[in-house]
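Visitor: Could you walk me through reading side-chain contacts in a model like this one? I would like to begin with the aromatic rings.

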Amino acid sequence: MTPSAGRLGIGGEQEALHDAARGWCDRHLPLTVARSCLDGGQPDLAVVGKGIVAQGWVGLPAEFGLLEAAIVVEELGRACAPGSALPSMAAVALLHRLGSEGRGVVD
């Protein structure tokens, strides 16, 4: 058990999510990707985006909650992941909330 387990509502499932997110980022977003972006290179955003969607991370705010989304966003930030994961997660959370309140997206 890591020192953070049990604090701030972080338990075993969140620790497993953290480890999975870190492992995915280490495998798919090596530092060379971030360095290439800083040097003016263009990352293949489709590959990154598809990977994040395949992991199910875009829907985390709606399916599990903001804590789980924050865990993944933290690791994506640590890896300097290019792309739009955070705004995509925010949009999913907003649409889920609007839908769960019985309102349409457009009032």
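Visitor: How many aromatic pairs are there, and how do I read one?

Guide: Keep in mind that this is a predicted model. The count comes to 1 aromatic pair. Tryptophan 24 and tryptophan 57 make up that pair, with ring centres 5.2 Å apart and 80° between the planes. Planes over 60 degrees apart count as edge-to-face, so this pair is edge-to-face.

Visitor: Where in the chain do tryptophan 24 and tryptophan 57 lie?

Guide: Tryptophan 24 belongs to helix 1, while tryptophan 57 sits in the loop between helix 3 and helix 4, 33 residues away. Both tryptophans are buried.

Visitor: Thanks! Now the charged side chains: how many salt bridges does a search of the whole structure find?

Guide: The search gives 3 salt bridges. In one of them, glutamate 75 meets arginine 22, with the closest N and O atoms 2.9 Å apart. Glutamate 75 is in helix 5 and arginine 22 in helix 1, so this bridge ties together parts 53 residues apart in sequence.

Visitor: Is glutamate 75 buried or exposed?

Guide: Its relative accessibility is 1%, so glutamate 75 counts as buried. Arginine 22, by contrast, is partly exposed at 33%.

Visitor: And which residues do the salt bridges join into one network?

Guide: Aspartate 26 pairs with arginine 78 at 2.9 Å, N to O, linking helix 1 to helix 5 across 52 residues. Arginine 78 also bridges to glutamate 75 at 2.7 Å; these two are 3 residues apart in helix 5, about one helical turn. Through shared partners, Arg22, Asp26, Glu75 and Arg78 form one network.

Technical notes. Residues numbered from 1 in each chain as written. Predicted model: local features only at pLDDT ≥ 70, side-chain atom pairs only at ≥ 80, totals over all residues. Heavy atoms only, no water. Phe/Tyr/Trp six-rings, centres within 6.5 Å; stacked < 30°, edge-to-face > 60°. Helix = DSSP H or I, 4+ residues; strand = E, 2+ residues; numbered from the N terminus. Buried < 20%, exposed > 50% of the residue type's maximum accessible area, 1.4 Å probe, protein only. Salt bridge = Lys/Arg side-chain N within 4 Å of Asp/Glu carboxyl O.
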